[in-house]
Amino acid sequence: MTVSDTKISLSKLAPLEAVLFDVDGTLCDSDPLHYYAFREMLQEINFNDGVPITEEFFVKNIAGKHNEDIALLLFPDDLQRGLKFMDDKETMFRRLASEQLKPVNGIYKLKKWVEDHGLKRAAVTNAPRANAELMISLLGLSDFFDAVILGDDCEHAKPHPEPYLKALEVLNVSKDHTFVCEDSVSGIKAGVAAGMPVVGLTTRNPEHLLMEAKPTLIIKDYEDPKLWTALEELDKQEAAVKPAA
């Protein structure tokens, strides 16, 4: 995919109304903390005969997915045990996050761009409420978001489009004038299925995997020149479609 492709695909959103953000891996680099918690706790209960899970296993089976789906995968014969395990794992994650959570590079630069353009914004996440609120607070973004949409609040979590469709409804914006920032296959699929261009971040998930979900643009982080080239083109298109005063 060339930069010229990305210009076209984001600039067609003019006039832009909103930007929707996933949380884990998109606002903050939280996957290493999740991976550590899963690896340690699964080893403790002798999952996989005590052999630690690999990062590849984590990326393929866990990253970006809703907790109930993860519980079913890890404990197919005992969902209640799986859900209890997930609750305990989230407690461990929040302890780790409080000490070690780091923002994705450039997020505050994009935050300023969104604010300067007067856009609406929502966080859309499969994370449990306690995790989402903690991460957003630790990053200093509690006042930035107009809404936080949880997979738990929807009948279907990502990769189903419902969380993103609900965000559009809550913000009262059109999918034709909104784009999504995501870092997982599950999340990209949800945004694409909701009819929006998705900017995919390779925070932890490999580019070839993300491309299978058909994002509009792949970037390393929010400092990536590809993103700012696309946003400049969007600004030019915005100026072109504005009615003369």
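**Salt bridges and the domain interface**

Q: Which residue does Glu223 form a salt bridge with?
A: Lys109, with the closest N and O atoms 3.7 Å apart. The pair links distant parts of the chain, 114 residues apart. Glu223 sits in the loop between β6 (217-219) and α11 (225-241), and Lys109 in helix α6 (residues 107-116). This is a predicted model.

Q: Is Glu223 buried, exposed or in between, and which class is Lys109 in?
A: Glu223 counts as partly exposed because its relative accessibility is 36%, between the 20% and 50% cut-offs. Lys109, at 40%, is also partly exposed.

Q: How many salt bridges does the structure hold?
A: 15. One of them joins Asp176 and Lys175, at 3.2 Å, N to O. Shared partners also join Asp22, Lys158 and Glu182 into one network.

Q: Switching to domains: how is the chain divided?
A: Domain 1 is 13-29 + 102-239, and domain 2 is 30-100. Their C-alpha centres lie 24 Å apart.

Q: How many salt bridges cross that interface?
A: Zero by the rule. There are ten residue pairs in polar contact, though.

Q: Which helix gives the most to the domain 1 side?
A: Helix α7 (residues 129-138), with five residues. That side divides into nine nonpolar, seven polar and six charged residues.

Q: And how much area is buried between the domains?
A: About 1,500 Å², with carbon and sulfur atoms giving 53%.

Definitions and conventions
Residues numbered from 1 in each chain as written. Predicted model: local features only at pLDDT ≥ 70, side-chain atom pairs only at ≥ 80, totals over all residues. Heavy atoms only, no water. Domains from an automatic or database assignment. Buried area = accessible area lost by both parts, 1.4 Å probe. Salt bridge = Lys/Arg side-chain N within 4 Å of Asp/Glu carboxyl O. Polar contact = N/O pair within 3.5 Å; in protein donor to acceptor, adjacent residues only side chain to side chain. Helix = DSSP H or I, 4+ residues; strand = E, 2+ residues; numbered from the N terminus. Nonpolar A, V, L, I, M, F, W, Y, C, P; charged D, E, K, R; others polar. Buried < 20%, exposed > 50% of the residue type's maximum accessible area, 1.4 Å probe, protein only.
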